[in-house]
Amino acid sequence: MHMEGVILQRTASIRASLLGHGLYGRLNSLEDFRVFLEHHVYAVWDFMSLLKALQRQLTCTEVPWVPRGDARARALINEIVLGEESDTGCGEVPTSHFELYLRAMEEAGANTGPVRCFVDRISRGGTLDEANQEAGVPVCARRFMEHTFHVIRTRRVHEIAAAFTYGREGVIPGLFGEIVARLDRESAGALSIFRQYLERHIVLDGEEHFQAGERMVSVLCEGDPRRVDEAACSAREALEVRLAFWDAIPTGAGFCGSTLRKKDF
């Protein structure tokens, strides 16, 4: 079995739990969706840090420049960075997906104050803990980001790449698009920008970037069974943390998390 098949097989049950999570069925109103956006936006932000951690390790970002690492891995990560940080498919002006997400939140009437405060504190040299405290970031979002930065600080590059590829890409089900479309109709277009964001996510993250990520992980594992095993463990751990995050978002009356999650631990 190819490396990609091994990792997908090792993460199949937890990916199924994410794709069938009860959270999606509880997004029954625009208010529910605003709550979701105000939590999920932190995962959109720290995705970029995970991406940049990979670019920093796989390419040379210092001056003077020297060639670094495998040219195939460099090409793959640079291709992904271009799409995520400067997407030209979202309108006339290139934008990052995080900035597009903020615009979608504003259109939907979600509160962007806390996340803007959070990013501002980071931009002024604050630590993650300081930014979390100052912005009042929800506990479940804090835990999710803490895991991301733990991976960045402590894991080898093939493990970071696996967490990025298998833990972030392709874990939003088709059902989500149908829910968003219904809520957009019911709210007279309050989610039109988010629908655009979701379309770009499906085209780039779910298809092109996922495939590029798989190739990148394969290049970095170099056919070494130990590295493949480490990559699979990292991928599964990232998905478990995402599942715990989904369980904790307080969306919908009586929300108590996924019943599927109990089978996977």
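Student: How are two packed helices described?

Tutor: Two packed helices are described by the angle between their axes together with the distance between those axes. In this predicted model, take helix H6, which covers residues 97–108, and helix H7, which covers residues 113–123: their axes come within 11 Å and cross at roughly 150°. Angles over 145 degrees count as roughly antiparallel, and so H6 is roughly antiparallel to H7.

Student: Which residues of H6 and H7 make the contact?

Tutor: On the H6 side they are Phe98, Leu102 and Glu106, while H7 contributes Val115, Arg116 and Val119. Sorted by class, this contact has four nonpolar and two charged residues, with no polar ones.

Student: Where do nonpolar side chains tend to be in soluble globular proteins?

Tutor: In soluble globular proteins, they tend to be buried together. Here the largest nonpolar core has 85 residues, and the members that touch the most other members are Phe33, Phe36, Phe194 and Met216. Helix H4, running over residues 30–58, gives the most to this core, with 16 residues.

Student: Is Phe36 buried or exposed, and what is it in contact with once its neighbours within four places in sequence are left aside?

Tutor: Phe36 has a relative accessibility of 1%, and therefore counts as buried. With those sequence neighbours left aside, Phe36 is in contact with Leu23, Leu27, Tyr101, Phe176, Trp246, Ile249 and Thr251.

Student: How is a pair of aromatic rings described?

Tutor: A pair of aromatic rings is described by the distance of the centres and the angle of the planes. The count in this model comes to 17 aromatic pairs, and one of them joins Phe36 and Trp246, whose rings are 5.7 Å apart centre to centre with 70° between the planes, which is edge-to-face. Because Phe36 lies in helix H4 and Trp246 in helix H13 (residues 225–248), the pair ties together parts that are 210 residues apart in sequence. Trp246 has a relative accessible area of 0% and is buried.

Student: Which residues do ring pairs link into a cluster?

Tutor: The cluster linked by ring pairs includes Phe36 and Trp246, and among its other members are Tyr24, Phe33, Tyr101, Phe144 and Phe176.

Student: Where does Glu222 lie, and is Glu222 buried or exposed?

Tutor: Glu222 lies in the loop between helix H12 (192–221) and H13, and its relative accessibility of 61% means that Glu222 counts as exposed. From C-alpha to C-alpha, Glu222 and Val180 are 40 Å apart in space, and they are 42 residues apart in sequence.

Definitions and conventions: Residues are numbered from 1 along each chain as its sequence is written. This is a predicted model: local features need pLDDT of at least 70, side-chain atom pairs count only at pLDDT 80 or more; totals for chains, interfaces and linings use all residues. Side-chain values use heavy atoms; hydrogens and water are left out. Axes are lines fitted to C-alpha atoms, for helices over the stretch in contact, and angles run from 0 to 180 degrees between N-to-C directions. Helices (H or I, at least four residues) and strands (E, at least two) are DSSP runs, numbered from the N terminus. Angles under 35 degrees count as roughly parallel, over 145 as roughly antiparallel, 65 to 115 as roughly perpendicular and the rest as oblique. Contact means heavy atoms within 4.5 Å. Ala, Val, Leu, Ile, Met, Phe, Trp, Tyr, Cys and Pro count as nonpolar, Asp, Glu, Lys and Arg as charged, and the others, Gly among them, as polar. A nonpolar core is a set of buried Ala, Val, Leu, Ile, Met, Phe, Trp, Tyr and Cys residues joined through side-chain atoms within 4.5 Å. Buried means under 20% relative accessible area, exposed over 50%, partly exposed in between (1.4 Å probe, protein chains only). Rings of Phe, Tyr and Trp (its six-membered ring) pair if their centres lie within 6.5 Å; planes under 30 degrees apart count as stacked, over 60 as edge-to-face and the rest as tilted.
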